[in-house]
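Let's take a friendly walk through a protein model, one part at a time. Keep the picture handy while you read.

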Amino acid sequence: MTSFSPESLRTTLGAGLLCFPVTHARPDLTFDEEGYRAHVAWQSSYPVSGVFAAGGTGEFVSLTPDEVGRVVRAAVAATPAEKPVVAPAGYGTAQAVAMARDAEAAGAAGVFLLPPYLTEVSQEGLVAHVRAVCEATELGVIVYHRANAAFGFDAVRELTDSCPNLIGFKDGIGDVDLMTRIHAGLDGRLLSVGGLPTAETYALPYLEMGVTTYSSAIFNFLPEFALDFYTAVRARDAATVYRKLNEFVLPYLTIRDRGVGYAVSIVKAGLAVVGRDPGPVRPPLTDLTPAERGELRALVEKVTSA
Ligand SMILES: O=C([O-])C(=O)C[C@H](O)[C@@H](O)C(=O)[O-]
């Protein structure tokens, strides 16, 4: 059982960088639990504020519900007890509710609610979906504003009024208007999380909208770089942030943007480049080509030898 109340989870997560580990796969695409545990143990030995198992970067969409349970339990086992592990929930409402319940049983400290699968959704339906998940668990819940789960401000306010354990809002759309409304209108009720692909790109301007933390996929393979970047953001050290954007993040985006879905594939490639190969991505994602991996290697070597 977790020692984190929804309120203590909100405060803890907001105080540092968030770790979103990739999910390790063997060449035959089965879950490589041993490799995953070693990776999470390494990642959570750094001063991150929380570990989000099997999120977008963790290829949630390609895992079966049974595998999600195994990944969450492996993450809980590999993470020091004082750090919260947040478990994913998603697909339709019934499946998301079942995952939220299992998160508690697995020893997770919170639930990360990913967008419903496939269908278009109305604001009313989205509110009912989130409310059902919040009511199914005592854990703090963070919703992911992305794709078809595009919340309007009224829906967010309605949910904060009716769901005391809704603690966080992660923006994966780049919705400046909404993030400003949440910051200005909800008086810190929700933890705002920066969650766009390669979140470092937006971290400094987002801080002005009360977004004190973000999910760093780069942290998977360049933890020191990602933590130094986060420290510079929180210190509002714009010169350092822009130097680091120029030396690594922006050229990295150029490689990432060569392929659809590469925001995740490039992270697994980055780990392979630093000698910690997590195995291939699962379909429908595709791996970087050898030439693209070579470019990434040159970029990583430049930033690690500087
Ligand atoms: O659900 C996820 O895994 C994310 O969206 C987090 C990523 O880490 C993203 O913020 C990024 O690519 O930096």
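Start with a helix pair: Gln123, Leu126, Val127, Val130 and Arg131 of helix H5 touch Ala155, Glu158, Leu159 and Ser162 of helix H6. Sorted by class, the residues of this H5 and H6 contact come out as 5 nonpolar, 2 polar and 2 charged. Keep in mind that the model is a predicted one.

How are H5 and H6 arranged? H5 covers residues 123-135 and H6 covers residues 153-162; they pack at an angle of about 25°, with axes 10 Å apart. That angle is why H5 counts as roughly parallel to H6. The crossing of H5 past H6 is right-handed.

**The whole protein**

Now zoom out. The protein has 12 helices and 8 strands. Its C-alpha trace spans about 50 × 45 × 40 Å along the principal axes.

| Helix pair | Packing angle | Axis distance |
|---|---|---|
| H5 (residues 123-135) and H6 (residues 153-162) | about 25° | 10 Å |
| H9 (residues 223-234) and H10 (residues 238-256) | about 145° | 9 Å |
| H11 (residues 262-273) and H12 (residues 290-305) | about 60° | 10 Å |

With its angle of about 60°, H11 is therefore oblique to H12. H11 passes H12 in a right-handed crossing. On the H11 side you'll find Ile266, Ala269, Gly270 and Val273, which meet Arg293, Leu296, Arg297 and Val300 of H12. Those contact residues split into 5 nonpolar, 1 polar and 2 charged.

Next up are H9 and H10, which pack at about 145°. Phe225, Phe229, Ala232 and Val233 from H9 make the contact with Thr240, Val241, Lys244 and Phe248 from H10. Here the tally is 6 nonpolar, 1 polar and 1 charged.

**Around the ligand**

Which residues sit closest to the ligand? They are Gly55, Gly56, Thr57, Ser215 and Ala217, out of 14 residues that surround the ligand. The shell around the ligand holds 6 nonpolar and 8 polar residues, with no charged ones.

Leu29 has a phi near 75°, which is positive although the residue isn't a glycine. You can find Leu29 in the loop between strand S1 (18-19) and helix H2 (33-43).

The other spot is the peptide bond from Pro283 to Pro284, which is cis, with omega near 15°. Pro284 belongs to the loop between H11 and H12, the helices that pack at about 60°.

Definitions and conventions. Residues numbered from 1 in each chain as written. Predicted model: local features only at pLDDT ≥ 70, side-chain atom pairs only at ≥ 80, totals over all residues. Near = placed C-beta within 6 Å. Nonpolar A, V, L, I, M, F, W, Y, C, P; charged D, E, K, R; others polar. Axes fitted to C-alpha atoms, helices over the stretch in contact; angles between N-to-C directions. Helix = DSSP H or I, 4+ residues; strand = E, 2+ residues; numbered from the N terminus. Parallel < 35°, antiparallel > 145°, perpendicular 65-115°, else oblique. Left-handed = near helix turned anticlockwise from the far one by under 90°. Contact = placed C-beta atoms within 7 Å.
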